[in-house]
There are 2 protein chains.
Amino acid sequence: LTTKPPSGTRDFLPADIRRREHVVGVVRRVYEQYGYEPLETPAFENIETLLGKYGEEGNKLIFKILRRGEHEASGHADLALRYDLTVPLARVVAQYQNELPKFFKRYQIQPVWRADRPARGRFREFYQCDIDAIGSTSPMVEVELLSAVSDVLETLGFHDFRVLLNHRRVLAGLLQTSGIPGHQHETALVALDKLDKIGESGVTSELATRGVQEFAASRLVETLKKILASGPADQASATNRSRLGTLGTIFASTPYEAAAQELDEIVQMIASTPAANRVFVEPFLARGLSYYTGAIMEIAVPDLAGSLGGGGRYDNLIGMFLGRDVPACGFSLGLERIIVVMTERGMFPGVVANGAADVMISLWSADSRADALTLAGELRRGGLRVDVYPEADKLGKQFKYASSRGFGYVTVVGDDERRAGTVTIKDMTTGHQDSVARALAADHIRQRMTNAREDAR
Amino acid sequence: LTTKPPSGTRDFLPADIRRREHVVGVVRRVYEQYGYEPLETPAFENIETLLGKYGEEGNKLIFKILRRGEHEASGHADLALRYDLTVPLARVVAQYQNELPKFFKRYQIQPVWRADRPARGRFREFYQCDIDAIGSTSPMVEVELLSAVSDVLETLGFHDFRVLLNHRRVLAGLLQTSGIPGHQHETALVALDKLDKIGESGVTSELATRGVQEFAASRLVETLKKILASGPADQASATNRSRLGTLGTIFASTPYEAAAQELDEIVQMIASTPAANRVFVEPFLARGLSYYTGAIMEIAVPDLAGSLGGGGRYDNLIGMFLGRDVPACGFSLGLERIIVVMTERGMFPGVVANGAADVMISLWSADSRADALTLAGELRRGGLRVDVYPEADKLGKQFKYASSRGFGYVTVVGDDERRAGTVTIKDMTTGHQDSVARALAADHIRQRMTNAREDAR
């Protein structure tokens, strides 16, 4: 019987959970500050809810659950594990339309499952942290989303991220005005999305491989070069002004003018938020998911190949469940990647590394068990995290155990201490021992903990 | 396309999550005070890990996941959804034996899935909150577990729960000394467990139906009557003393003496913990799961037919994964049942009912969008939860919306206010309006919120 977790999944030991809880705590607090409300949906959905929402490749990556009871042998699957948090949200919006507010803003922090081939940093079970705003087409929605996401990253200690911004209709316009016909847009976008990885010549040849005519491919790449060349790439406002100016010229009097204008509005409003100087218009950003209809965005940091998160506007997805379209826009932060980068950069505050308890009650003899439990209760009521050594044993062995666990203090109550109403408190960092009146023990330890923290600064 | 969640599962809207987070917050805080550390395992396990651990009935209730890729059509399942948190823990202890401390105490709060027939209060997806202590046979482990669970319930506001306590070996002794042979113990326990529901005559006839000889069945029921009759059932210490005394007499010089002695030790030590006066020795308590080997326990409240949680010692389960036995004892709190009882009793503090934001920024005109975003940022930095109305609209409509959402305050910044550097703040509860300097707006709202809370007391 193997004891490893299933391929592509992980067990999270205490230190892993503490790191994740630190990040999730910040995410939750900031999203609440922005008026997003918590939502959770079941781990599995009826299989029809998920199939056909993520493209052909996505369908294959959905974990399917066997129908129960006498049907089990038939191999028929009627349920499937959640693949993302967006499709369940669309279902929820359709189901509870009369209970939810007109502008529904929710955050959702739950695992999703994908039957991907496991690889370094690619898991079959991973957490997503999503925010979505339902019910408005106003570009303020995009601005508030990006502001909240930037606030989260800043609060976590990221000061070097960029928000890449584009628009599905701008992309469509660039392809169309380059002479690429509509039916080739999807395949062309896959090539275009790689511009920052394989360069102009790489994109040109991949476009050819995908059947795009040579003149159209080179026109597209030329146009992109023109847009990207304009403005110094390290200053958001100057870069965006000139890139949007170039886009405006290209799209003048075409149906794509409005999309460029929308990007312009977003970029202008961003200046009034914590995301100011973070957002860069990137005309090659495509993003995979097919349901996006408007602005699309992605977070990049220098030391990570993939993105820390991404999102966009999807005004038609809810309509697939509801029968009428409801505007929506969302952003998903990749929790695992954030934790990977924070770990590599040493960004987790000391508290994450703390032991499981502040104090351990040593056990002198079986007779003193009741007294050990009483002392534990006193210290817990005094605000401390307290572990009790469960078996009477040699004191040296108990001290060694406490050290190995990172417990800061150990109490000893022998016969003398019991008679005198005192407790001996050993500081496991310094080795210092104090004899203290029982009633003052919790205060004494808390005071020493405070002093130690201040000395460490 | 149906928009309901799958049968037996639920969507958790914001108010549901807030209630759950309140409970989970208390559970986590108290368990950390007792030195338990967080652990999480994947939603699914290799199917062999789960099969055969929960009895034949349990096997049928396990959700099975189809093997991916070309195998999908074969109907072969190689993964299965977590059925409880104990078997995954046993696997984890075996896998990480060299990394985990000698005495490993963990808490785990995650959903589990069972393909049960859905019914009122019975779900296919529900949360368990487990604590387990691995590595010691000391009865202090049971005492600390029960102390922690009692602390959780007291902190949540439960003051009328009872902890029912029994021992698998005491049960075995009662059956054996009544003349029921070992191979009938399992079926006899099923009948015995119903004593509080179907009474003595019910148990006697069910024992007969299950093939237990009449003389043995009636001896068992007589013995139980004798034990239960001793001592006033509403005073824990007197009840336990006399019940344990009777047990001691019955088991004198039999192999079951040690088990009764163990219960006695637990009951004596409990007096030094927050679970004092809560614990009642109940000789008919059997508990379903077959892996228990020692003490077993359950939480009862008067207004719930089932239990709020249960647990026990299982010294052999980890051995199934590790090849050598490791002592273990655990307790599982039923989160949904706790929430049900707390909701029915009105035990959730007011904060759970709060709106999604403290303040809403109204939007005067498209021109003032940037200013609205700036004000939102100022108030958020001032510690408030702030929503921004996303579209310029009639002010009356925006006020109405804010009221319907339960937002306490709405800001209005018109042309006059902008020129004067002020903001008008409307208190949505009283209708009162104030004009305040922008820099003081956050302080002003926080002050009014504090006053309103104090008035409400």
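A residue is called buried here when its relative accessible area is under 20%, exposed when that area is over 50%, and partly exposed in between, using a 1.4 Å probe and the protein chains only. Helices (H or I, at least four residues) and strands (E, at least two) are DSSP runs, numbered from the N terminus. The model is predicted, so local features need pLDDT of at least 70 and side-chain atom pairs count only at pLDDT 80 or more, while totals for chains, interfaces and linings use all residues. Residues are numbered from 1 along each chain as its sequence is written, chains are lettered from A and ligands numbered from 1 in the order in which they are written, and side-chain values use heavy atoms, with hydrogens and water left out.

Of its 17 residues, 15 are buried, so helix 5 of chain A is largely enclosed by the rest of the structure. The expected span of a helix is 1.5 Å times one less than its number of residues.

Helix 14 of chain B (residues 369-381) has 13 residues and reaches 19 Å from its first C-alpha to its last, close to the expected 18 Å. Among the buried residues of this helix are B:Leu373, B:Leu375, B:Ala376 and B:Leu379. B:Gly383 follows helix 14 of chain B and has a positive phi near 90°.

Now for the place where the chains meet. Taking contact to mean heavy atoms within 4.5 Å, 96 residues of chain B are in contact with 95 residues of chain A. The size of an interface is often given as the accessible area lost when the parts come together. Here the buried area (the accessible area, with a 1.4 Å probe, that two parts lose on being put together, summed over both) is about 8500 Å², and carbon and sulfur atoms give 57% of it.

What charged links join the two chains? Between chain B and chain A the count is 20 salt bridges, each being a side-chain nitrogen of Lys or Arg within 4 Å of a carboxyl oxygen of Asp or Glu. On the side of chain B that touches chain A, the largest share, eight residues, comes from helix 1 of chain B (residues 14-33). By class, that side has 48 nonpolar, 17 polar and 31 charged residues; Ala, Val, Leu, Ile, Met, Phe, Trp, Tyr, Cys and Pro count as nonpolar, Asp, Glu, Lys and Arg as charged, and the others, Gly among them, as polar. A:Asp387 and B:Lys105 form a salt bridge in which the closest N and O atoms are 2.4 Å apart. A network of salt bridges links A:Arg18, A:Asp358, A:Arg385, A:Arg405, B:Glu32 and B:Glu37.

An α-helix has 3.6 residues a turn, so residues three or four places apart point the same way. In helix 1 of chain B, B:Asp16 and B:Arg19 are three residues apart and so separated by about one helical turn. Their side chains meet in a salt bridge at 3.0 Å, N to O. B:Asp16 is partly exposed at 27% relative accessibility, and B:Arg19 is partly exposed at 22%. In chain A, A:Lys60 and A:Glu57 form a salt bridge with closest N and O atoms 3.8 Å apart, and A:Glu57 is exposed, at 52%.

Is B:Arg91 buried or exposed? B:Arg91 lies in helix 4 of chain B (residues 86-95) and is buried, at 0% relative accessibility. The side chains of B:Arg91 and B:Glu45 meet in a salt bridge at 2.6 Å, N to O. This pair links distant parts of the chain, since B:Glu45 belongs to strand 2 of chain B (residues 44-46), 46 residues from B:Arg91. B:Glu45 is buried as well. Leaving aside residues up to four places away in sequence, B:Arg91 also touches residues of chain A, including A:Thr2, A:Pro5 and A:Asp11.

Finally, a look toward the outside: B:Ser201, in helix 8 of chain B (residues 195-209), is exposed, with a relative accessible area of 59%.
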